[in-house]
Amino acid sequence: MSGTGDETRSGALCAVHLPRAGRGPIGRPRLPEPEAEQPPRLIGRFPAVQAGQPAIERLAPTSALLGYRGPTACAAAGITYRQLDYWARTGLLEPSVRSAYPAGAQRLYSFRDILMLKIVKRLLDAGVSLQNIRVAVTHLQSADQAGLTGLTLMCDGATVYECTSPQQVVDLLNGGQGVFGIAVGAVWQELESTLGRLHGERTDTGETLVGHDPADELAQRRNRAV
């Protein structure tokens, strides 16, 4: 029997019976599989601080390498600039880092200078005379850090007493007089926290060091979120 060429041989697969794996969508050519993304090549490692560059240094507020200008000293001690200027000119408390001389120079106060300013302010508030305050300041300036932070000043408005033990404080209180106490160690810690949020100046390079105030940083984050 003659054929036309359209007949399918016995046992052969016709087009409609091709396996599905060999069939693609009509009219769409098969796209090549995307190649896997290659990881970036490592061409070198760089240290956080390059050779020859100084490491970033954060100084403690009590460091001898830090000084504080007049407005910062006023803010930390809770006094006015007029008081600061008057006490410096009369010799009650002069800046130990840098004075106002030669003319035009910025006064620069140390941590201990500002501690004395803060104590003077509290003694004045307690009614102690400037004459007695001068004597107290001269005595405190000669003390070392350990002796200073373990000291409690007691005053009755006329006299300032130095107490180095709890028993001495009790003895004064048992005298029946109204007394006012200043724990120098507590004032030290309070001032250290305050100055950590304010600007300082390096005494060796003159570089201004910006204080770190967590409250300001939190406020900035809130403003960005609004």
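Several elements cover the buried residues of helix α4, including α3 (111–125), α5 (145–149), β3 (152–155) and β4 (160–163). Helices here are DSSP runs of H or I with at least four residues, strands are runs of E with at least two, and both are numbered from the N terminus. The model is a predicted one, so local features need pLDDT of at least 70 and side-chain atom pairs count only at pLDDT 80 or more, while totals for chains, interfaces and linings use all residues. Residues are numbered from 1 along each chain as its sequence is written, and side-chain values use heavy atoms, with hydrogens and water left out.

Which residues of α4 are buried? They are I133, A136, V137 and L140, where buried means under 20% relative accessible area, exposed means over 50%, and partly exposed is in between (1.4 Å probe, protein chains only). An α-helix has 3.6 residues a turn, so residues three or four places apart point the same way. Over on the other side of α4, Q131, V135 and T138 are exposed. As for length, α4 runs through residues 130–141, and its 12 residues reach 16 Å from first C-alpha to last, close to the 16 Å expected at 1.5 Å a residue. That expected span is 1.5 Å times one less than the number of residues in the helix.

Back to α3, one of the elements covering α4's buried residues. Just after α3 comes G127, with a positive phi of about 90°.

Now for the chain as a whole. It has eight helices and seven strands, and 27% of its 226 residues count as buried. Contact means heavy atoms within 4.5 Å. Among contacts with a separation of 6 or more, 60% come from residues 24 or more positions apart.

T72 sits in helix α1 (residues 70–77) and is buried, with a relative accessible area of 15%. Setting aside residues up to four places away in sequence, T72 touches L195, L198 and H199. A64, in the segment before β1 (66–69), is exposed, at a relative accessible area of 73%. From A64 to R202 is 138 residues in sequence but 9.0 Å in space, C-alpha to C-alpha. G181 belongs to strand β5 (residues 180–183) and is partly exposed, at 40% relative accessible area. Leaving out neighbours within four places in sequence, G181 is in contact with L153 and M154.

Finally, the largest pocket holds about 200 Å³ of space. A pocket is an open set of points on a 1 Å grid over the protein atoms alone, where a 1.4 Å probe fits, with protein on both sides within 12 Å along at least five of seven lines; lining residues have an atom within 4 Å of a point. Grid points are joined across faces, edges and corners, and the volume is the space filled by probe spheres set on the points. Its lining has 14 residues, of which R58, L59, L66, L209 and V210 lie nearest the centre.
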